[in-house]
Amino acid sequence: MKTLLLALRSLRNRRTTALLTISAIAISVALLLGVEKMRTAAREGFANTVSGVDLIVGARSGQLNLLLYSVFRVGDATANVSWQSYQKIARHPDVDWTIPISLGDSHRGFRVMGTTGQYFEHYRFAGERKMVFAAGRPFDDLYDAVIGADVARQLGYAVGSKIVIAHGLGNVSFAQHDDKPFTVVGVLERTGTPIDRTVHVGLEAITAIHIDWQSGMQAMPGGRVSADEARARDLTPESITAFMVGMRSKVMTFTMQRAINEYRQEPLLAIIPGVALTQLWNLVGIADTALMIVAAFVVLAGLLGMLTAILTSLNERRREMAILRSVGARPRHVFTLLVAEAGMLASTGVAAGVAICYGLIFAARPLLERRFGIFLDPGGLTGYDFAILGTIIVSALLMGVLPAWRAYRNTLSDGLTIRV
């Protein structure tokens, strides 16, 4: 206890150097802990891009390919799912609800997705979060559209804006469905998911805009179907790109998955989103590991700064050490004193770093949710966090051994000798 009080008084006498050292450690710890919190939020957000969906069904291809185009709007389906097969599975007694998805068109670089009202009712993200409208309502009319937050912000759209869907997925398309324009009736709040970059229309609307198209080309002027004429036609789609399934009982998920994968009428693939998302994260999650390594090196730099400060002050404190020895302090007392100083500097820096990190999280949380769709849950320090912080303090104590050993070896006569 006396050694700790002596170490505290010694640091107080060198308060400027001590505060600078503590500040360097605190900033590096705040960065490391902040990166870890962001990594956790990004991983959970990635895993919760789609929630509450038990199965995603599409044409037989690869598990990741189906996940990418149905959830992340990346890539294309190898084939479509027939409407008859979709209806047969949707009417299964174990199936609670389904969300059909039709992809293939775009609007100024943003994907257009045809679906039904079930999408807004059952789709979940980030756990159990539902889509919320920042303005407007879900689509109701044939030519209504609901846009994501990024679409609205980047293109300057609002409720009432007129948009024209392009045939295909290019940023610039010469094949426009300009004879059947859509009206924006709803703008969704930011979700931090691909929803933000999607234009949503009714499933029948996708059929309507392609009703007079054959082999990727619109019919000649005499054979075209106007927007009003399309309303009177049967707009039941012949096929869809994929569909999501919610089961009445989670127990039946694997049974249904196997039945769909063995479906004889056409080759289908059913995947469990959580499993596929985990596999995808294992492929793309290396970037956050690299960021964590960089943050760890920043902490190491802070600890090395502490070591440098203690070593630099040793020569100035040689007389202090000699006086301590002269009044009865043993070499082990001097050794313990310097190790205790290193521990105090590191512990104070760690505590300050945790306070800075949580202060920044609480301050930036609303902005991150509103602008970037990142949902940070401050929570408390996890066991992993305590392990990281404990490792930092132990590392500081080990680093303090070097200057302590040098002071331990100094003799009383060496400490009282005036060198010129």
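I looked up strand S9 (residues 162-163) and found that it pairs with S11 in the antiparallel sense over 2 bridges. Strands here are DSSP runs of E of at least two residues, and helices are runs of H or I of at least four, both numbered from the N terminus; two strands pair if DSSP finds at least two bridges between them. The partner of Ile163 in S11 is Phe182.

I noted the provenance at this point. The model is predicted, so I kept in mind that local features need pLDDT of at least 70, that side-chain atom pairs count only at pLDDT 80 or more, and that totals for chains, interfaces and linings use all residues. Residues are numbered from 1 along each chain as its sequence is written, and side-chain values use heavy atoms, with hydrogens and water left out.

I then followed S11 to its other partners. Strand S7 (residues 133-136) pairs with S11 in the antiparallel sense over 3 bridges, whereas strand S8 (residues 144-147) runs parallel to S11 and is joined to it by 4 bridges. Gly186 of S11 is the bridge partner of Gly136 and also of Val146.

Is S11 buried or exposed? I found that 7 of the 7 residues of S11 (residues 182-188) are buried, so the strand is largely enclosed by the rest of the structure. Buried means under 20% relative accessible area, exposed over 50%, and partly exposed in between, with a 1.4 Å probe and protein chains only. Buried residues make up 47% of the 420 residues in the protein.

I next examined the nonpolar cores, each a set of buried Ala, Val, Leu, Ile, Met, Phe, Trp, Tyr and Cys residues joined through side-chain atoms within 4.5 Å. The largest has 32 residues, and those with the most contacts inside it include Ile56, Leu67, Tyr119 and Met244. Among the elements giving it two or more residues are S11, helix H3 (63-71) and helix H10 (273-284). Apart from this core lies another of 30 residues, among them Val35, Ile310, Val350 and Ile361.

I checked Leu67 separately. Leaving aside neighbours within four places in sequence, Leu67 is in contact (heavy atoms within 4.5 Å) with Ile56, Phe72, Ile271, Ala276, Leu277 and Leu280.

Lastly, I inspected helix H4 (residues 83-90), whose buried residues are Trp83, Ser85, Tyr86 and Ile89. Seen down the axis of H4, they fall within an arc of 160° (taken from the directions from the helix axis to the C-beta atoms), so they line one face of the helix.
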